[in-house]
Amino acid sequence: MQELNTTKYTLAQSLKSLMEKRSFAKISVADLCENCGMSRKSFYYHFRDKYDLVHWIFQVEFIQTIQGRETLNGWELFNRLCRYFYQERHFYRRAIQIQGQNSFRDYFCEAIAPAIEDMASAWMENGRDKKFYTTFFGDAILASVLRWLSSPQPEPPEQYLEHIHHVLVVGARKLLEELEEPEAKS
């Protein structure tokens with residue numbers, strides 16, 4: 001079993017190193033295998049295709065590290081996600097550009113949906129509009145993270161998180177004031 005994981009990690013490192021130099025679209029399975037000295041047969045024993053490898057990397061390096069940590073609230077989870085993406089920004093900057101049916105963007109939204117559902121459930125009245133909240137916050141997180149990571153020199157996660165926190169807190173206060181204002185006039 002250890003050998004299987006070693007092979008998967010070797011292929012993952014091969015993909016990461018190649019993606020530092022070129023786009024995902026220009027990397028073939030043959031390139032991956034040649035880069036790490038493995039056969040295509042070994043690759044296909046472990047992964048369906050190179051998209052599957054990208055998804056596996058996120059699953060193993062991030063999702064599995066947070067599973068079983070029910071004590072993480074939504075902000076702590078977002079904090080960990082941003083720190084992880086920043087640490088691996090060279091890889092994810094290219095991964096988020098993958099287009100099409102097996103895109104990392106789609107996989108990312110699917111992977112974080114349960115955490116967003118949990119967070120949104122706490123805010124919703126009687127579980128109302130769960131799908132809307134999940135889609136809304138998933139899209140917002142994805143758009144914000146994509147813009148941040150896509151910049152030529154993304155700010156450190158501490159600064160990025162500080163900006164997000166400020167926008168959320170100040171925005172929520174202003175929105176509440178605006179929503180309460182018409183009620184006060186009545």
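How many aromatic pairs does a search of the whole structure find? The search comes back with 28 aromatic pairs. Hello everyone, and thanks for having me. Please keep in mind that what we have here is a predicted model.

Let me start with one pair from that search. The ring centres of phenylalanine 58 and tyrosine 92 lie 6.1 Å apart with the planes at 80 degrees, so this pair is edge-to-face. Phenylalanine 58 belongs to helix α4, residues 50–66, while tyrosine 92 belongs to helix α6, residues 89–95, so the pair ties together parts that are 34 residues apart in sequence. And are these two residues buried or exposed? Both phenylalanine 58 and tyrosine 92 are buried.

Now for a second pair, phenylalanine 132 with phenylalanine 136. Here the centres are 6.0 Å apart and the planes sit at 20 degrees, so we call this pair stacked. Both residues are in helix α8, residues 130–150, and because they are four residues apart there, about one helical turn separates them. As for cover, phenylalanine 132 is exposed, with a relative accessible area of 56%. Phenylalanine 136 has 47% relative accessibility, so it counts as partly exposed, given that exposed means over 50%.

One aromatic cluster is formed by Phe58, Phe62, Tyr84, Phe85, Phe91, Tyr92, Phe104, Tyr107 and Phe108. Let me pick out phenylalanine 62 from that list. Phenylalanine 62 lies in helix α4, and its relative accessible area is 4%, so it is buried. If you look across from phenylalanine 62 to arginine 80, 18 residues apart along the chain, you will find their C-alpha atoms separated by 8.7 Å.

Let's zoom out to the whole chain. The secondary structure amounts to nine helices and zero strands, so reading from the N terminus you simply get α-α-α-α-α-α-α-α-α. The chain has 186 residues, and 37% of them are buried.

Which residues form a negative surface patch? That patch is made up of Glu177, Glu178, Glu180 and Glu181. Taking one of them, glutamate 178 is located in helix α9, residues 157–185. Its relative accessibility is 54%, so glutamate 178 counts as exposed.

That's my tour, friends. I'm happy to turn the model around on the screen for anyone who wants another look.

Key:
Residues numbered from 1 in each chain as written. Predicted model: local features only at pLDDT ≥ 70, side-chain atom pairs only at ≥ 80, totals over all residues. Heavy atoms only, no water. Patch = residues over 30% accessible without salt bridge, like charges linked within 9 Å, V, L, I, M, F, W, Y side chains within 5 Å. Areas by Shrake-Rupley, 256 points an atom, 1.4 Å probe, with all protein chains shown as cover. Salt bridge = Lys/Arg side-chain N within 4 Å of Asp/Glu carboxyl O. Lys, Arg positive; Asp, Glu negative; His and termini not counted. Charge placed at Lys NZ, Arg CZ, Asp CG, Glu CD. Helix = DSSP H or I, 4+ residues; strand = E, 2+ residues; numbered from the N terminus. Buried < 20%, exposed > 50% of the residue type's maximum accessible area, 1.4 Å probe, protein only. Phe/Tyr/Trp six-rings, centres within 6.5 Å; stacked < 30°, edge-to-face > 60°.
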